[in-house]
Amino acid sequence: MKKNVTKAAPVAAKAAARAKVFQGEVVSHGKMAKTVTVRVGRTRLNEKYMKRYAVSSKFHVHDEKGEYVTGDVVRFVETRPYSRTKRWRVTGKVTKA
């Protein structure tokens, strides 16, 4: 009987390639240890009236060194769960506050 052997490395590489990446503004820092709150804004289109409107979402993002402050625009990526609400990790600063 032949065993099915799967290779984990290619699967992990594919998952990393599909990771979601967002960019947004830090709206809160210092209230939680190693966490910043980032607001991501985007526009939606009402299909009936064809009108664009703004919506935003807030994400709790892991900031290991605590180097990002309110007003910074940061890029962050999907990662393993750090806590109940944190599933994101900061990858870098786009612009300074």
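What share of the 97 residues in the chain is buried? Buried residues make up 22% of them, where buried means under 20% relative accessible area, exposed means over 50%, and partly exposed is in between (1.4 Å probe, protein chains only). Keep in mind that this is a predicted model, where local features need pLDDT of at least 70, side-chain atom pairs count only at pLDDT 80 or more, and totals for chains, interfaces and linings use all residues. Residues are numbered from 1 along each chain as its sequence is written, and side-chain values use heavy atoms, with hydrogens and water left out.

Let's walk along the chain.

Now for the rings. The structure holds six aromatic pairs: rings of Phe, Tyr and Trp (its six-membered ring) whose centres lie within 6.5 Å, called stacked with planes under 30 degrees apart, edge-to-face over 60 and tilted for the rest. One of them is the stacked pair of Phe 22 and Phe 59, at 5.5 Å centre to centre and 20 degrees between the planes. Phe 22 sits in strand β1 (residues 21–32) and Phe 59 in strand β3 (residues 52–62), so this pair ties together parts 37 residues apart in sequence. Phe 22 is partly exposed, because its relative accessibility is 28%, while Phe 59, at 17%, counts as buried.

Phe 59 also pairs with Phe 76, this time tilted, at 5.5 Å and 55 degrees. Phe 76 belongs to strand β4 (residues 73–78), 17 residues from Phe 59. Ring pairs link Phe 22, Phe 59, Phe 76 and Trp 88 into a cluster.

Definitions and conventions
Helix = DSSP H or I, 4+ residues; strand = E, 2+ residues; numbered from the N terminus.
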